[in-house]
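Reader: Could you walk me through the pockets, strands and helices of this protein? I would like the cut-offs along the way, please.

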Amino acid sequence: PNTVLAAVPHTYSARSIRKTNTPTPEPFRTPFLYLVPTSTPSSTPVPTSTPVPTLALPIEARVYGISGHRQSMPLSCESRSAADWAAFFGESIDETSFHNGLPVHDNPDKGFVGNVYGSWGQIPPKAYGVHSKPVAQRLREYGLKAKHTFDMSLDELKSEIAAGRPVMVWVVGHVGRGSPVEYTDSEGDISIVAKFEHTVIVIGYTEDKITILDGAKTYMRYNKEFLRSWGVLENQAIVWID
């Protein structure tokens with residue numbers, strides 16, 4: 001049979017309550033291409049439907065060539081993770097300079113909340129940190145093809161690792177337990193926050209574990225542990241878009 005190319009885009013979902021505008025447009029992922037068989041006249045009976053091939057993930061994968069560093073300020077984990085993530089893609093970024101360029105706001109979805117030298121474990125409007133959207137925006141200011149996402153699935157995460165791309169994610173503590181808190185900012189917008197908000201970089205996986213780069217340390221967590229921690233802040237991530 002003849003074949004045609006069908007574009008199947010890599011999609012992500014986001015909470016509709018996030019209303020802020022992004023000054024720099026976010027790039028879109030180039031669609032994956034699959035070969036989809038088409039039916040042609042034949043004397044042999046043709047099935048009424050033909051299954052579309054899918055891309056199977058390898059059982060395990062690992063990203064090499066990425067190095068982590070200890071954060072230099074009590075609440076600068078996002079800037080440190082962003083700098084380490086950017087270095088993998090060939091862009092050298094100073095952690096302090098990156099942090100100083102982040103917008104400031106009482107909502108972490110809009111900017112950095114509080115003093116970077118504040119105590120870890122608080123929630124807005126006290127010293128807290130920043131979520132994925134402002135960080136991705138700041139990375140794009142350096143020319144990096146960064147996109148933030150909410151509600152990313154484990155399979156989507158693994159597909160990035162299998163493609164050789166590390167993923168920056170938002171977790172609780174050092175990928176531990178936590179509880180989401182609904183927070184209303186000074187403008188009336190809602191954000192989900194959590195005590196001990198933290199960022200790490202996912203660099204690998206096996207059948208039942210995820211490999212984490214947390215500052216200068218590398219360790220593994222079982223899928224269930226990782227998903228439970230990642231899910232508190234709505235499976236936020238920053239990915240590279242080709």
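Below, we go through this model by question and answer.

Author: Happy to. This is a predicted model, where local features need pLDDT of at least 70, side-chain atom pairs count only at pLDDT 80 or more, and totals for chains, interfaces and linings use all residues. Residues are numbered from 1 along each chain as its sequence is written, and side-chain values use heavy atoms, with hydrogens and water left out.

Reader: Which residue's side chain makes a polar contact with the side chain of His198?

Author: His198 lies in strand 8; helices (H or I, at least four residues) and strands (E, at least two) are DSSP runs, numbered from the N terminus. His198 is buried, with a relative accessible area of 5%, where buried means under 20%, exposed over 50% and partly exposed in between (1.4 Å probe, protein chains only). A polar contact is a pair of N or O atoms within 3.5 Å; within protein, one must be able to donate a hydrogen and the other to accept it, and residues adjacent in sequence count only if both atoms are side-chain atoms. At 2.9 Å, the partner side chain is that of Asp214.

Reader: Which residue is the bridge partner of Val202 in strand 9?

Author: Strand 8 (residues 197–205) and strand 9 pair in the antiparallel sense over 4 bridges; two strands pair if DSSP finds at least two bridges between them. A hairpin of 3 residues links strand 8 to strand 9. Across from Val202, the bridge partner is Ile212.

Reader: What is the phi of Gly215, in the turn between strand 9 and strand 10?

Author: Strand 9 (residues 209–214) is mostly covered, with 5 of its 6 residues buried. It pairs with strand 10 (residues 217–222) in the antiparallel sense over 6 bridges, and Asp214 stands opposite Lys217. The hairpin leaves 2 residues between the strands, and Gly215 in the turn has a positive phi of about 65°.

Reader: Which helix gives the most to the lining of the second largest pocket?

Author: A pocket is an open set of points on a 1 Å grid over the protein atoms alone, with protein on both sides within 12 Å along at least five of seven lines, while a cavity is a set where a 1.4 Å probe fits but cannot get out; lining residues have an atom within 4 Å of a point. Grid points are joined across faces, edges and corners, and a volume is the space filled by probe spheres set on the points, which for this pocket is about 300 Å³. Of its 16 lining residues, Gln71, His174, His198, Asp214 and Gly215 lie nearest its centre. With 3 residues, the element that gives the most is helix 1.

Reader: How many of the 10 residues of helix 3 are buried?

Author: Helix 3 (residues 132–141) is largely enclosed by the rest of the structure. Its buried residues pack against helix 1, helix 2 (95–100), strand 4 (146–149), strand 5 (167–172) and strand 11 (237–240), with contact meaning heavy atoms within 4.5 Å. Gly143, with a positive phi near 90°, follows the helix. The buried count for helix 3 is 9.
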